[in-house]
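Me: I would like to go through this model and ask what stands behind each label. Please set each value against its cut-off.

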Amino acid sequence: MSKSLSTQPYKGVRDFYPDDMAVQQYIFSVWSHSAESFGYERYDASVLEPSELYRSKGAVNEELVNDQTYTFTDRGEREVTLRPEMTPSVARMVAGRRRELTFPIRWYSIPNLFRYERTQRGRLREHWQLNCDIFGAPGVAADVEIILLADSVFKNFGAENGEHYAIRVNHRGVLETLFRELGLAEETATAITRLADRKLKMPADTFSSELTSLAGDQTPALEQFFNAQSPADLPDLVAESPAYQNLVLFMDTLEADYNLKVVFDPTVVRGFDYYTGLVFEVFDLNEENNRALMGGGRYD
C-alpha cells in the first residue's frame with residue numbers, strides 16, 4: 001500500500017468494524033420488530049434515483065435539492081442522485097403499482113441516505129433511518145397509529161415518554177389556514193414556515209424581528225400562533241377550520257383512548273414541503289442532547 005493513501009474514510013461517512021456493526025444491527029432489529037408488530041411490511045429501493053424525482057413540485061424542499069444532494073451525470077448522460085430521503089422513492093413505487101395494491105398499505109424500510117452538508121455531532125453525510133408509511137388511510141386513526149408506533153420504538157429501547165423523550169405535535173393545515181386568512185403570499189408563507197422551523201435555535205428577539213420583517217402588520221396573529229401552549233391558545237381565525245378540529249380530535253384520542261401524552265408545539269413544522277396535515281417530532285429530554293430524534297407527518 002502506498003504511504004500517501006489515507007486509511008481514513010471519506011469525510012462524513014463511517015466505517016463499521018465488527019463491534020460497531022453489532023450495535024447497528026441491534027438498533028435495526030429493534031426498529032424492524034417495532035414496525036412489524038404493527039403489521040408493516042419491509043421494502044427497499046436503489047440508492048440511485050433520477051434527479052427529476054427530487055425536483056418535482058412538493059417532493060422535498062429546494063435547499064435539499066440544490067445544495068445537499070450528491071448529483072452527477074452517468075455515462076448515459078442521465079442525471080442521477082444518491083437518495084437523500086426515502087419518501088419520494090416510496091411514493092414513486094406506490095404510484096407505479098397503485099392499480100395492483102390493496103389499500104391501506106403499511107410499509108417500512110431502513111434505508112441508508114446521503115446528504116452533502118456540513119458534518120456535525122450526530123449529523124453525518126451518510127446515515128440510516130427507520131421509515132414507516134401508511135398509504136390510503138385518510139382518517140385520524142392513521143395519524144394516531146403512527147404516533148403509537150413512534151412511541152413503541154422508544155419504549156422498546158427502554159425509554160419512557162415524559163422522562164426520556166417528549167412527543168411534540170402540530171398541524172400544517174392549521175398553519176396554512178392562518179396564512180390564507182391573513183392573505184399572505186405563497187412566498188411569504190414559505191419563508192415564515194422556514195423561520196418557524198428554526199425558532200428554537202435562535203434568540204426570541206431575533207425570531208420576532210425576522211417574523212416582523214416578513215409579516216408586517218400580520219405579525220401579532222402569527223406571534224400568537226407560534227407562542228401558543230395548546231390548541232385553545234391559537235388565533236380565533238383558525239378555530240373553526242377542519243384542520244383545527246382534526247388536531248384536537250387527534251390529541252384527545254391519544255390521551256383518552258391510549259393514555260399517551262403528546263405536547264402541542266406550534267414551532268414543529270418539519271422541513272419538507274410535502275406535509276399537509278399532522279406533523280410531529282420526538283425530542284430527547286436529556287439536556288446534553290436536546291434535539292429531535294424522530295419526526296414525520298401526514299402528506300396527502
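Me: What makes strand 3 and strand 4 a hairpin?
Reply: Strand 3 (residues 70–73) and strand 4 (residues 79–82) run antiparallel, joined by 4 bridges. Two strands pair if DSSP finds at least two bridges between them, so with 4 bridges strand 3 and strand 4 count as paired. The hairpin has 5 residues between the two strands. One of the bridges joins Thr 71 to Thr 81 in strand 4. This is a predicted model, in which local features need pLDDT of at least 70, side-chain atom pairs count only at pLDDT 80 or more, and totals for chains, interfaces and linings use all residues. Residues are numbered from 1 along each chain as its sequence is written, and side-chain values use heavy atoms, without hydrogens and water.

Me: Which residue in the turn has a positive phi?
Reply: Glu 77, at about 65°. Glu 77 is not a glycine. Its place is the loop between strand 3 and strand 4.

Me: Why is Glu 77 called exposed?
Reply: Its relative accessibility is 66%. Exposed means over 50% relative accessible area, buried under 20%, and partly exposed in between (1.4 Å probe, protein chains only). So Glu 77 counts as exposed.

Me: Where does Asn 259 lie, and why is Asn 259 called exposed?
Reply: Asn 259 lies in the loop between helix 10 (242–258) and strand 10 (263–264). Helices (H or I, at least four residues) and strands (E, at least two) are DSSP runs, numbered from the N terminus. Asn 259 has a relative accessible area of 70%, so it is exposed. Its phi is also positive, near 55°, and Asn 259 is a residue other than glycine.

Me: Why is Thr 87 called buried?
Reply: Its relative accessible area is 7%, so Thr 87 falls under the 20% limit. Thr 87 is found in helix 4 (residues 87–96). Leaving aside neighbours within four places in sequence, Thr 87 is in contact (heavy atoms within 4.5 Å) with Asn 131, Tyr 274 and Tyr 299.

Me: What makes the pair Thr 87 and Glu 85 a polar contact?
Reply: The two side chains are 3.1 Å apart. A polar contact is a pair of N or O atoms within 3.5 Å; within protein, one must be able to donate a hydrogen and the other to accept it, and residues adjacent in sequence count only if both atoms are side-chain atoms. At 3.1 Å, the pair is therefore within the limit.

Me: Why are strand 1 and strand 8 called edge strands?
Reply: They belong to an open sheet of 3 strands, in the order 1-5-8, with mixed pairing. Strand 1 (41–42) and strand 8 (131–135) each have a single partner strand, so one side of each is left without a neighbour in the sheet. Strand 1 pairs with strand 5 in the parallel sense over 2 bridges. In strand 5, Tyr 108 is the bridge partner of Arg 42.

Me: What makes the bond between Phe 103 and Pro 104 stand out?
Reply: It is a cis peptide bond, with omega about 0°. Pro 104 lies in the loop between helix 4 and strand 5 (105–109).

Me: Why is Tyr 17 called exposed?
Reply: Tyr 17 has 58% relative accessibility, so it counts as exposed. Tyr 17 lies in the segment before helix 1 (18–37).
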